[in-house]
2 protein chains.
Amino acid sequence: MNTKNTNIDNQPLDFSLNVLKFLTPEEQVQIDKVQYSVSFNKGETIFKQGAPMPYVIVLKSGLAKVFLEDGKNRNIVLRITKPGEIVGGPGFFTDYKHHFSVTAIEDCAAHYIDVEAFKKLLLHNARFGLEMIAYLNNAHVKLYEKLKILTHKHMNGRLASTLLYLSNNIYNSEKFDTTLSRQDIADMSSMTKESAIRILKEFKTSGIISCQNNSFEIHDKYGLVNILENG
Amino acid sequence: MNTKNTNIDNQPLDFSLNVLKFLTPEEQVQIDKVQYSVSFNKGETIFKQGAPMPYVIVLKSGLAKVFLEDGKNRNIVLRITKPGEIVGGPGFFTDYKHHFSVTAIEDCAAHYIDVEAFKKLLLHNARFGLEMIAYLNNAHVKLYEKLKILTHKHMNGRLASTLLYLSNNIYNSEKFDTTLSRQDIADMSSMTKESAIRILKEFKTSGIISCQNNSFEIHDKYGLVNILENG
DNA sequence: TGTAATAATTGATATATATCAACATTAAAA
DNA sequence: TTTTAATGTTGATATATATCAATTATTACA
């Protein structure tokens, strides 16, 4: 954290963005009082796998990578998290620890919500709890997809999947600049950065994409889908 | 399904086993009325990935494998499910479809609970909902572990992990007979059956385990842990 | 019980992927 | 700007793992 971290000019939560919209207006006022905002610079750690989790975090602006650390030096980037998303992970109501790390890949702002206050809301508003279950289940299904891709697809397919994810889910454009490094892209695709670079070049040579430094453009989305599905 | 499938002599649910214990006595009576029991022979499909999910299932007896199908011919066995465990998967409150398949690996009996009745309980009993969230989060954390092992460990480590899982979590003994085939064990470890067989032989030769047909014995559990952690 | 079908095993080989080392480029800092 | 550090790129090589084909053991079943 740095000097930008402050809750002096605290920003209100945007309740339209996520399951928090299922809170009653009174509950929303109540939770807005106990939350506070923190800013992070690109590259800063928002929280760290294994650390205790006194807060549920809702990203307010910027992008962050959510990743598993394996104790050695290889990471698995599970997803990129966007504004409005709840990042607390499955730690709550189990061991109250974070089970993944989150690092800002752009300058970020995040709301911190006390986990006990959050729990109280779940205990008093069953509808909210139900929506939370739906939200968690959704994340769970996505993890199954990831597991299938990472274990049963070859490198080309895995990298195609990563590019499609970035284009469709994160940058919402066939053309995007990213602050992700080649290593990050490799960590999203479960391969070494050397392999990621080689396959990017292959894709470039075959005209499916173009990329230079941090600028990417997907020319043939169907081609990528085909590589993902058929090898 | 076969002639054993019947709800004529319906068995009552055992509420001590899982999150259902957080239901009130009245709710337990209510849910016991709408549930019914079904029996499956070894090898029978309990439910199938992609199928609609009108029921949450609680295994009553026997063991079943929970696995992802990738559309081709390779499966990922996520876990073995035991009596008392809720098997409904993350389909509920998302798309009401099953996101994995479940097949009996022994003769099984299962309780079927109407998913709408289950949902109603969640809406009326927030405590139950909270425990359900904890339960789902727990499953989520385990999936992270699996993801780490399957993507960052070599075959020896992955197979060691599978053997430890069977011994510690399923059969609760260093010595166990299993109804899992070599292919199942391979599917749990994300490798081909040929590779699984070769590594089992390696483990046998080095004296860490012995196995013949369906009988396994782990002689050096610490050795397996070491292989899992260090290669 | 004998026979067919299924599962387990082994070996030879091909392929996918990581590793290592060198070098180039870009970004950061003084 | 110059220098340093970090990141990206390429090629050569080693290794892990899958595939294929053949053989044997086990189970189901007529």
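Tutor: The structure shown above is a predicted model. Copies of a chain are superposed by least squares on the C-alpha atoms of residues with pLDDT of at least 70 in both.

Student: What rotation superposes chain B on chain A?

Tutor: Two copies of a chain are related by a rotation about an axis and a shift along it. Here the shift along the axis is 0.0 Å and the RMSD is 0.0 Å. The two copies are thus related as by a two-fold rotation axis. The rotation that superposes chain B on chain A is 180°.

Student: Which residue of chain B comes closest to the rotation axis?

Tutor: The distance is taken at the C-alpha and comes to 2.3 Å. The residue of chain B that comes closest to the axis is B:A126.

Student: How many residues of chain A are in contact with chain B?

Tutor: Chain B contributes 42 residues to this contact. Of the interface residues of chain B, 100% are also interface residues in chain A, so the copies meet through the same surface. On the side of chain A, the number of residues in contact is 42.

Student: What is the area buried between chain B and chain A?

Tutor: Carbon and sulfur atoms give 75% of this area. Of the area that chain B buries against chain A, 17% is supplied by B:Y144, B:L147 and B:H152, more than by any other three residues. The area buried between the two chains is about 3800 Å².

Student: Are helix 3 of chain A and helix 2 of chain B parallel or oblique to each other?

Tutor: Two packed helices are described by the angle between their axes and the distance between the axes. The axes of helix 3 (residues 126-152) of chain A and helix 2 (residues 115-124) of chain B come within 7 Å and cross at roughly 130°. Angles under 35 degrees count as roughly parallel, over 145 as roughly antiparallel and 65 to 115 as roughly perpendicular, and the rest count as oblique. Helix 3 of chain A and helix 2 of chain B are therefore oblique.

Student: Which residues in helix 2 of chain B meet helix 3 of chain A?

Tutor: From helix 3 of chain A come A:A126, A:R127, A:L130 and A:I133. By class, the contact of helix 3 of chain A with helix 2 of chain B has five nonpolar, one polar and two charged residues. The residues in helix 2 of chain B are B:K119, B:L122, B:L123 and B:H124.

Student: At what angle do helix 2 of chain A and helix 3 of chain A pack?

Tutor: The axes of helix 2 (residues 115-124) of chain A and helix 3 of chain A are 5 Å apart. A:F118, A:L121, A:L122 and A:H124 of helix 2 of chain A meet A:A126, A:F128, A:G129 and A:M132 of helix 3 of chain A. Six of the residues in this contact are nonpolar, two are polar and none is charged. Helix 2 and helix 3 of chain A are therefore roughly perpendicular, and the angle is about 110°.

Student: Which strands of chain A stand at the edges of the sheet, each with a single partner strand?

Tutor: The open sheet of four strands in chain A has the order 1-8-3-6, with antiparallel pairing. Each edge strand has a single partner, so one side of each is left without a neighbour in the sheet. The edge strands of chain A are strand 1 (36-40) and strand 6 (86-87).

Student: Which residue in strand 8 of chain A is the bridge partner of A:F40?

Tutor: Strand 1 of chain A and strand 8 (residues 108-114) of chain A run antiparallel and are joined by five bridges. The bridge partner of A:F40 in strand 8 of chain A is A:C108.

Student: How far apart in space are A:K42 and A:I105?

Tutor: A:K42 is in the loop between strand 1 and strand 2 (45-47) of chain A. Leaving out residues up to four places away in sequence, A:K42 touches A:A104, A:I105, A:E106, A:D107 and A:T179. A:K42 and A:I105 are 63 residues apart in sequence, yet their C-alpha to C-alpha distance is 5.1 Å.

Student: Which residue in strand 11 of chain B stands opposite B:C211?

Tutor: An open sheet of three strands in chain B has the order 9-11-10, with antiparallel pairing. Strand 10 of chain B and strand 11 (residues 215-218) of chain B pair over four bridges. Opposite B:C211 stands B:F216.

Methods: Residues are numbered from 1 along each chain as its sequence is written. Chains are lettered from A and ligands numbered from 1 in the order in which they are written. This is a predicted model: local features need pLDDT of at least 70, side-chain atom pairs count only at pLDDT 80 or more; totals for chains, interfaces and linings use all residues. Side-chain values use heavy atoms; hydrogens and water are left out. Axes are lines fitted to C-alpha atoms, for helices over the stretch in contact, and angles run from 0 to 180 degrees between N-to-C directions. Helices (H or I, at least four residues) and strands (E, at least two) are DSSP runs, numbered from the N terminus. Contact means heavy atoms within 4.5 Å. Ala, Val, Leu, Ile, Met, Phe, Trp, Tyr, Cys and Pro count as nonpolar, Asp, Glu, Lys and Arg as charged, and the others, Gly among them, as polar. Two strands pair if DSSP finds at least two bridges between them. Buried area is the accessible area (1.4 Å probe) that two parts lose on being put together, summed over both.
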